[in-house]
Amino acid sequence: MPARINKRQQREQEELLALGNQTAAAVDTDSEEEPAPIVPSGFAAAKKKKKKPAASDAPANPQQAKPAEVPKLQQPKSLKKGKGKEKKKDELQSVATSSSSTTRNASLVSLLSVSVSNLDAEAEMRKFFGARAVIAAKSSETSSSGGSKKRRGVVPTQAQRSQLTRPHPSWSMIKQREGLSSRPLTDEEVQQKITDRNSPAAGDKWWTVEYSKRYKGATKTFMQAVSSADPEALRGVLQKLPWHGDTLLQLAEVYRHQEDYSQAVEYVDRALFLYERAFLGSYSFTNGLNRLDFNRVENRPFFLALHRQVTDLQRRGCIRTAFEFGRLLYSLEPWTDPHGVLFHLDFVSIKSGMGQWLLDVYSEFACAKTAFEDHLNPSALPGWAYARALALFAREKAGGSSTDALKQAMLAFPEVVPLLADKCDISLSPELREHRAFRIQTDGIGLSPAQSILHLLSHLYAQRSAPLWKSASHMKWFENTANGIRSSLNAQRSNPTRERFLQMYGSTTLRYSVYRHILVLEQSFRNLTPFIPRSVLLAKQLACDPLPPLTASSEYNDAFFAGAEEIFSVRPRRRDARALERLIPDAGIRAQIEALFHANPGLARQLPGGVVQFVQMMAEMPEEALNDMMLDFAMAGEGGVGVPGGGGMPGGLPVEGDDDEPDLEPMPPRGAAEVAPALADEDQSEEDEDDEDEDEYIAPMPIRVVRNLLNRFWGTGGAAADRDESDSDAEERDHDGVD
């Protein structure tokens, strides 16, 4: 399919084509002895005939013969236009020289364009298993993980649309930006990123994501929660900002380690949805034209979310969707491929029937004559060399160019042959097995960094793509080709493809892309970590930002968080009063709840959400936990729960373990993230809050539940307003064994 270009690019191509035709015509004209004169018509022709001198009257002195002066006055408009075209021709030549990288990448843009219709994993599963099976499996997963339950207080007002995921009805409504926005990089920023102006990356349009002050504050709190190693603290961040990308990805990794894959997938989907909303109105991430700067820490969560999505889709068997997400990830940064998605694409492209795409990309880079520093060339990768042979074999269904391609791959990267043969039970001749080129390495000891990367990628391709070679036809073809290359292997002294690979991975940036790929897939490819330097493995990194690049232009530090808004600041009393009034309409009961909360200062330290969060927490607590909390309050003060100043040990002694607590801001308890998410919208001013109060919905608590809670804390004396039910409540308390 030809590349789709806009009108401006079409005009440039037409002008360049006309430029080539005019140049050829000029060469033919100069070769003639007497060029044909330009004969003007009309008044210009009569004027020229009247002033044209005879040939015999021409001056003998060559200095007096100034042919440029006479025709200067008689020059027709067509000649003036011709000179204007020549001047424009020179300008077009300079433009063509400066934008040569853009024209070279025109065909690559079409290969990087994403098919939006193939980004739906559920649609792909329906093709294989049917709609009923998919719906049944989805309902069973959500019921087991509790994801199908609607969050209390969440009333979706409209359907949320997305190209990258299917928004779940239980998700809270997201704003268009939700703390994230995108902007293009300035020319100065692009020059700092790309020093070589002849690089094809210099002709791309680069973008970046920016954080709002409130989003930075949530990120700062997230970093504090990560340092505490408490997943409950992470949920506290989501309680204040339900759409925080780093927190969503960190919790997804927690669930993945717990093998709760359905919940992990949901958190990754939410992270993708968050960043997709940030791109709205700025640029399209599916047309293959735009790039995202990986050196900025604000952009890296989107890269990681896409990478985790690719791996999870392969686990679920959605290979075609995995290919499309992999192509999207590759299009964001095709020159350095920071997450090594090319090592996924050599497998999923063949598995999903997109072998022609792999051949086109291979040809696009194989024809490149110039090798730029820190630029990845897929045609020099071992996995792509063997995948190219598979794609040609599937297209030909017989020998020919596919066998030649397989021989070239084996001669360039013989390290793959014994590994793939062992995985597929392919027999090789003993003489071939004993060849030094087929020696299997299990770690990087004694190898250069580039050679270590070569052996690592050989192991990676053999482990991931072995199922593609296990058919009888492929095994026979591989065996015959491998046993026939021994003489060629002994004769060759060097291989250009291999040399290009070793030169390419002399770059630290490209080696870090491979290391980052393995670290993200640590559970599946743990045996490949011996090829990674120990300094990289011991480097400080987060699950939401594995192995930051050495060329990073921003990171989470004090300078980044300067001016950030503290999301756990004290809530305005007026807003608390309105929320509490909606939760408990009865004024008398509401006053007793407030008195109970203010009588225990320890509650205020533990619950930054104030009395509103206290009421919500009590409503969700099970019976046993509520009784335990009652006992704790009873032991905290001399006169019971209602004694002011309660919360300390008798005699004023400090509570044991207080000095050992980390100096972190208090985090809300688990469960608070799923109640009344509208209360977390603190990024608006007080005037905006007054206008938005009518739109917020907080489900009022049942009066009977609140009265029972009060009776538990205050005893029968506190239930004077409900004396007709005090006897039954006392019976229930006696039955439970609590006075």
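This is a short tour of the chain in your viewer, stop by stop. The model is predicted, so local features are taken only at pLDDT of at least 70 and side-chain atom pairs only at pLDDT 80 or more, while totals for chains, interfaces and linings use all residues. Residues are numbered from 1 along each chain as its sequence is written, and side-chain values use heavy atoms, with hydrogens and water left out.

**The whole chain**

Start with a cartoon view. The chain holds 35 helices and three strands; these are DSSP runs (helices H or I, at least four residues; strands E, at least two), numbered from the N terminus. Of its 739 residues, 46% count as buried, where buried means under 20% relative accessible area, exposed over 50% and partly exposed in between (1.4 Å probe, protein chains only).

**The nonpolar cores**

Now select Y386, W469 and Y505. Within the largest nonpolar core, which has 150 residues, these three touch the most other members. Helix α13 (residues 261-279) gives this core its largest share, ten residues. A nonpolar core here is a set of buried Ala, Val, Leu, Ile, Met, Phe, Trp, Tyr and Cys residues joined through side-chain atoms within 4.5 Å.

Zoom in on W469. Not counting residues up to four places away in sequence, its contacts include Y386, L390, L406, Y461 and F478; contact means heavy atoms within 4.5 Å. For a second, separate core of 16 residues, select I593, F597, V611 and M621, which are among its members.

Next, show α16 (residues 342-351) with α17. Their axes come within 7 Å and cross at roughly 140°. The axes are lines fitted to C-alpha atoms, for helices over the stretch in contact, with angles from 0 to 180 degrees between N-to-C directions. The pair is therefore oblique, since angles under 35 degrees count as roughly parallel, over 145 as roughly antiparallel, 65 to 115 as roughly perpendicular and the rest as oblique. Show side chains for L345, D346, S349 and I350 of α16 and for G355, W357 and L358 of α17 to see who makes the contact.

**Loops on either side**

Step into the loop between α15 and α16 and pick D337. Most residues other than glycine have a negative phi. D337 is buried, at 2% relative accessible area.

H339 sits in the loop between α15 (319-332) and α16, and is buried at 2% relative accessibility. Beyond four places in sequence, H339 touches residues including F294, H307, R516 and P546.

Now go to S379, in the loop between α17 (355-366) and α18 (382-396). S379 is buried, at 1%. Its side chain makes a polar contact with that of N377 at 2.6 Å. Such a contact is a pair of N or O atoms within 3.5 Å; within protein, one must be able to donate a hydrogen and the other to accept it, and residues adjacent in sequence count only if both atoms are side-chain atoms.

**Last stop**

Finish at V116, in the loop between α6 (106-112) and α7 (121-129). Buried or partly exposed? V116 is partly exposed, at 33%. Leaving aside neighbours within four places in sequence, V116 contacts Q163 and T286.
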